[in-house]
Amino acid sequence: MKTSRLLKIALLTTGALTMAVAAISFTTQVVENPPITGEINAPEEVKQLFRHACYDCHSNNTQLAWYDKLPVVAGLVRKDVETARQHLNFSEWDRLTPAQQQSALWEAYNMINSGTMPLPSYAALHGNAKVTREELSGLRNYLNTKRVKVVPDSVKTAQTRQQWEKDQLPVSVNGIRHMPEFRQWQVMSTTSRFDNTTMRVMFANPVAMQAIKEKKINPWPDGAVIVKVVWEKSIDANGNIHPGKFLNIQYMVRDAKRYQDTDGWGYAKFETPALKPYGSTPMTFRECSSCHRAASKTGGIFDLSTLN
């Protein structure tokens, strides 16, 4: 009799706790859904991909499962959604410039293609968030239609090169200076962006090149520097493609402690032949680190064949 009474009390207690948790789960507002100011303009199949794979975190139309509202879990979900919205919000698409929209779409494609997004831990619990190969292919086909068209040069343009004294070298807002000595470094690779019709040459300083040879790039050693020089593609009368207008020089400087907020890499960009520093605050370059996380297998460096 005593055992039966204890078992009854235990069952009643468990049931009460279950009902209390369920009540909390279905009444707790984990995140607010602010008004939608402007959604992405894209084919329906592309928008559908974003809706089921991205919108629960990257929009103002977050739809949560009951288990997302459980105590403790709800706090983690709220943090993830708020962070995701700050980085990219499909419900506030109109707040981005056309260039930012294009960049965001390609970043989304690269993140999905690399398996970084949707977060594997999220996709494991939310089966509807998984992206099929067909959907990813459709997104890429759509992005191909947004590519900038390369037009032939009618007149060959001469590139001006400004000479800088050492104490006059331009410096980025995060303290990284332009390093003209990169021209003596070894070429690491040449790349081509078909989405925005640019071509690049990448250089590695001796520290970075030694790390590549020894396959010690995850993480890269402090002192490694990668430089990327970017031109517009140009087509001559014979259809040959060659560097056209100079656009910018980009830097990645490895210092795990100094640049811990951007995954150990310091980023800088100097634009036009005048080498004007890009950005107004060091926070500008956080978007660079988030994009380069898609290249985690090579320590954050794109276009580097060091896995074999």
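Is Tyr109 buried or exposed? Tyr109 is buried, at 7% relative accessible area, where buried stands for under 20%, exposed for over 50% and partly exposed for values in between (1.4 Å probe, protein chains only).

The model is predicted, so local features need pLDDT of at least 70 and side-chain atom pairs count only at pLDDT 80 or more, while totals for chains, interfaces and linings use all residues. Residues are numbered from 1 along each chain as its sequence is written, and side-chain values use heavy atoms, with hydrogens and water left out.

**View 1. The whole chain.** The chain holds nine helices and six strands, taken as DSSP runs (helices H or I, at least four residues; strands E, at least two) numbered from the N terminus. Of its 308 residues, 38% count as buried. Accessible surface, by the Shrake-Rupley method with a 1.4 Å probe, comes to about 18,800 Å², with 55% belonging to carbon and sulfur atoms. A contact means heavy atoms within 4.5 Å; among contacts between residues at least 6 apart in sequence, 62% join residues at least 24 apart.

**View 2. The stacked pair Tyr55 and Phe90.** Rings of Phe, Tyr and Trp (its six-membered ring) pair if their centres lie within 6.5 Å, and planes under 30 degrees apart count as stacked, over 60 as edge-to-face and the rest as tilted. The count by this rule is eight aromatic pairs. Tyr55 and Phe90 are stacked because their ring centres are 5.6 Å apart and their planes stand at 20 degrees. The pair links distant parts of the chain, 35 residues apart: Tyr55 is in helix H3 (residues 55-58), and Phe90 is in the loop between helix H4 (73-87) and helix H5 (98-114). Tyr55 is buried at 4% relative accessible area, and Phe90 is buried at 2%. Ring pairs join Phe50, Tyr55, Phe90 and Trp93 into a cluster.

**View 3. The edge-to-face pair Trp106 and Tyr109.** The ring centres are 5.8 Å apart, with 75 degrees between the planes. Trp106 and Tyr109 are three residues apart in helix H5, which means a separation of about one helical turn. Trp106 is buried, with a relative accessible area of 8%.

**View 4. Lys269 over the face of Tyr278.** The distance from the ring centre is 4.3 Å. A charge sits over a ring if NZ of Lys or CZ of Arg is within 6 Å of the ring centre and within 35 degrees of the ring normal.

**View 5. Thr191 in strand E1.** Strand E1 covers residues 186-193. Thr191 counts as buried at 13% relative accessibility. Leaving aside residues up to four places away in sequence, Thr191 touches Met199, Arg200, Met202 and Asp303.
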